[in-house]
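Keep the sequence and the 3D view side by side.

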Amino acid sequence: MQRISLNRNQLKYLVIVAMLIDHIAWAFVPLASGLGQLMHFIGRLTGPTMGFFLAEGYIHTRNKFKYGMRLGIFSLISWIPFSLFEANYWPSIHFSVMYTLFLGFLAMWIWDKGKCSETVKSILVAGLILLSIPGDWAIFDVVWPLVLFQYQYNEKERGRKYTFLCLLATFCFSLGREPWWAGVFNLGIMMVPLVLRFFYNGERGSNHPFHKWFFYIFYPVHLLILYLLARYIF
């Protein structure tokens, strides 16, 4: 039997579908239900994979400034629909995963291009981690890409650190759920190292601009649609 092999574009679309399932569940399905747990379990594929792709994008992009500007602009655009989706009003202190990923980009940029000591870099990165707290996938979508960038030349250690951080995220995001088993869906985070290990082939896939821009556009649009459906239709 031939093993499933996914390139970066294919895995990206898989993650987008998982994210959509997750957000539909947050909008319409009770968390403390079997269906809610299953849908959110699938949705946990999203955050860690986005962190992985952010590191890959930073490492391989030819123009880091444009990449960072794109993330920054869409983090601002996404703030409005994410706030409406999360809190039913805007402005709010609820920031989307695009915001957290932008901070992750800045963390890699500081570590890569900063002309200061590692101590100063660590302090600056710690500041970015604190700033990520109001964001979706807080803290970890800053730390995941940074660690993946730092260990890009040591594949084994890179895998170990990433898997450990996924395990830590599973524990942290499960804390404080009522009832206690309502956080079981976070075990889905541990799918990501397995998917990357056994199904991701490391290839980019087609470089058509559609593949680059689809997520940036789909992300705020689908949040706005779900907000309108939840508030005014259902």
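The expected span is 1.5 Å times one less than the number of residues. Helices here are DSSP runs (H or I, at least four residues), numbered from the N terminus. H3 is mostly covered, with 13 of its 15 residues buried. Buried means under 20% relative accessible area, exposed over 50%, and partly exposed in between (1.4 Å probe, protein chains only).

The model is predicted: local features need pLDDT of at least 70, side-chain atom pairs count only at pLDDT 80 or more, and totals for chains, interfaces and linings use all residues. Residues are numbered from 1 along each chain as its sequence is written, and side-chain values use heavy atoms, with hydrogens and water left out.

Go to helix H2 (residues 34–43). Its buried residues are Gly36, Gln37, Met39, His40 and Gly43. Seen down the axis of H2, they fall within an arc of 170°, so they line one face of the helix. The arc is that of the directions from the helix axis to the C-beta atoms. Turned away from the buried side of H2 are the exposed residues Gly34 and Leu35. The cover over the buried residues of H2 includes H1 and H3. Contact means heavy atoms within 4.5 Å.

Aspartate 22 sits in helix H1 (residues 8–28). Is aspartate 22 buried or exposed? At 5% relative accessibility, aspartate 22 counts as buried. Leave aside its neighbours within four places in sequence, and aspartate 22 is in contact with Met39, His40, Gly43 and Arg44. Three names there, Met39, His40 and Gly43, are also listed among the buried residues of H2.

Next come the loops. Tryptophan 90 and proline 91 are joined by a cis peptide bond, with omega about 5°. Proline 91 belongs to the loop between helix H4 (64–87) and H5. Another cis peptide bond joins glutamate 178 and proline 179, with omega about -5°. Proline 179 is in the loop between H8 and H9.

The loop between helix H6 (118–131) and H7 holds tryptophan 137. Its phi is near 55°, a positive value in a residue other than glycine. Tryptophan 137 is buried, with a relative accessible area of 7%. Isoleucine 139 lies in the loop between H6 and H7 as well. Phi of isoleucine 139 is near 70°, again positive in a residue other than glycine. At 33% relative accessibility, isoleucine 139 counts as partly exposed.

In helix H6, find serine 122. Serine 122 is partly exposed at 37% relative accessibility. Serine 122 and isoleucine 110 are 12 residues apart in sequence, and their C-alpha atoms are 9.2 Å apart in space.

Now take a helix pair. The axes of helix H5 (residues 97–113) and helix H7 (residues 140–150) come within 8 Å and cross at roughly 35°. Axes are lines fitted to C-alpha atoms, for helices over the stretch in contact, and angles run from 0 to 180 degrees between N-to-C directions. The crossing of H5 and H7 is right-handed; that is, the near helix is turned clockwise from the far one by less than a right angle. Which residues of H5 and H7 make the contact? From H5 come Val97, Thr100, Leu101, Leu103, Gly104, Ala107, Met108, Trp111 and Asp112. From H7 come Asp141, Val142, Pro145, Leu146, Phe149 and Gln150. By class, this contact has 10 nonpolar, 3 polar and 2 charged residues. Ala, Val, Leu, Ile, Met, Phe, Trp, Tyr, Cys and Pro count as nonpolar, Asp, Glu, Lys and Arg as charged, and the others, Gly among them, as polar.

Helix H8 (residues 155–174) comes last. Its 20 residues should span 28 Å at 1.5 Å a residue; the end C-alpha atoms are 29 Å apart, which agrees. Buried in H8 are Arg158, Tyr162, Leu165, Cys166, Ala169 and Thr170. They cover an arc of only 145° around the axis, which puts them on the same side of H8. The face turned away from that side carries the exposed residues Lys156, Arg160, Phe164, Leu167 and Phe171. H3, H7 and helix H9 (191–198) are among what covers the buried residues of H8.

Glutamate 157 also lies in H8. Glutamate 157 is partly exposed, with a relative accessible area of 22%. Its C-alpha atom and that of valine 147, 10 residues apart along the chain, are separated by 10.0 Å. Just after H8, glycine 176 takes a positive phi of about 75°.

Conventions: Helix = DSSP H or I, 4+ residues; strand = E, 2+ residues; numbered from the N terminus.
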